Amino acid sequence: MEKKLYTISVYSENNLGLLNRISTIFVKRHINIESLTVSASEIENVSRFIVVVNMTEEAVKKIIGQLEKQVEVIQAYYHTDDEIIFTETAMFKFKSDLLFENPQIQNIIKENNMNIVTVNKTFFIIEKAGRKHEIDAIYNAFAPFGIAQFVRSGRVAISKEAMNIRKILGEIVQ
């Protein structure tokens, strides 16, 4: 079977130690996590883990089964990239003089519809939300100028199909 990128969504109670147990499921199977994001979900007191992995569909189905065996996990789903809308966010920090003295920096910011988060005498910070390849390209464009700091989020994703998560999880939780 062919490996491809899958986005796994895990709805769970927000309990101490669950992140460790979830990551251990992947580590034991020698599966590298490409991206991991945890946030509140659309349901009160329910967290959502978004895990991006490169594996076969057969393997991802097994992982879903293992995840759902965790007591705090309410439900887990997996999707391919064409079944979801997804993005990530990155922030870049530079010395302020670069913004004012280098028109190339300004052009990169404009061409990529980036947001300026803050500017002061010593540094400025810009952000970009987009696909991984877009952020990688911007990083490569900025690299020659000396990026002082860089950070990117994990993937956040929403399924294209109408999944009434509130109803599904409400039935499971009750």
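Contact here means heavy atoms within 4.5 Å. Helices (H or I, at least four residues) and strands (E, at least two) are DSSP runs, numbered from the N terminus. This is a predicted model, in which local features need pLDDT of at least 70, side-chain atom pairs count only at pLDDT 80 or more, and totals for chains, interfaces and linings use all residues. Residues are numbered from 1 along each chain as its sequence is written, and side-chain values use heavy atoms, with hydrogens and water left out.

**View 1. Helix α2 and its packing partners.** The buried residues of α2 are in contact with β1 (4-13), α1 (18-28), β3 (46-55) and β4 (73-80). Helix α2 spans residues 57-68, 12 residues in total, and reaches 17 Å from its first C-alpha to its last, close to the 16 Å expected at 1.5 Å a residue; the expected span is 1.5 Å times one less than the number of residues. Val 60, Ile 63, Ile 64 and Leu 67 are the buried residues of α2 (buried means under 20% relative accessible area, exposed over 50%, partly exposed in between, with a 1.4 Å probe and protein chains only). Seen down the axis of α2, these buried residues fall within an arc of 105°, so they line one face of the helix; the arc is that of the directions from the helix axis to the C-beta atoms. An α-helix has 3.6 residues a turn, so residues three or four places apart point the same way.

View 2. Leu 18, Ile 22, Ile 25 and Phe 26 are the buried residues of α1. They cover an arc of only 95° around the axis, which puts them on the same side of α1. The face turned away from this buried side carries the exposed residues Asn 20, Val 27 and Lys 28. Packing partners of the buried residues of α1 are β1, β2, β3, α2 and β4. After α1 comes His 30, with a positive phi near 55°.

View 3. Strand β2 (residues 33-40) runs antiparallel to β3, and 7 bridges join them; two strands pair if DSSP finds at least two bridges between them. Ala 40 has Ser 47 in β3 as its bridge partner. The hairpin has 5 residues between the strands, and Asn 45 takes a positive phi near 65°.

**View 4. The salt bridge of Arg 155 and Asp 81.** A salt bridge is a side-chain nitrogen of Lys or Arg within 4 Å of a carboxyl oxygen of Asp or Glu. By this rule the count comes to 6. In one of these, the side chains of Arg 155 and Asp 81 meet at 2.8 Å, N to O. Arg 155 lies in the loop between β8 (149-152) and β9 (156-159) and Asp 81 in the loop between β4 and β5 (84-95), so the pair ties together parts that are 74 residues apart in sequence. Arg 155 is buried at 7% relative accessibility, whereas Asp 81 is partly exposed at 27%.

**View 5. The salt-bridge network around Arg 152.** Glu 88, Lys 132, Asp 136 and Arg 152 are linked in a network of salt bridges. The closest N and O atoms of Arg 152 and Glu 88 are 2.6 Å apart. Arg 152 lies in strand β8 and Glu 88 in strand β5, so this pair ties together parts that are 64 residues apart in sequence. Arg 152 also meets Asp 136 in a salt bridge (2.9 Å, N to O). Asp 136 lies in helix α5 (residues 132-142).
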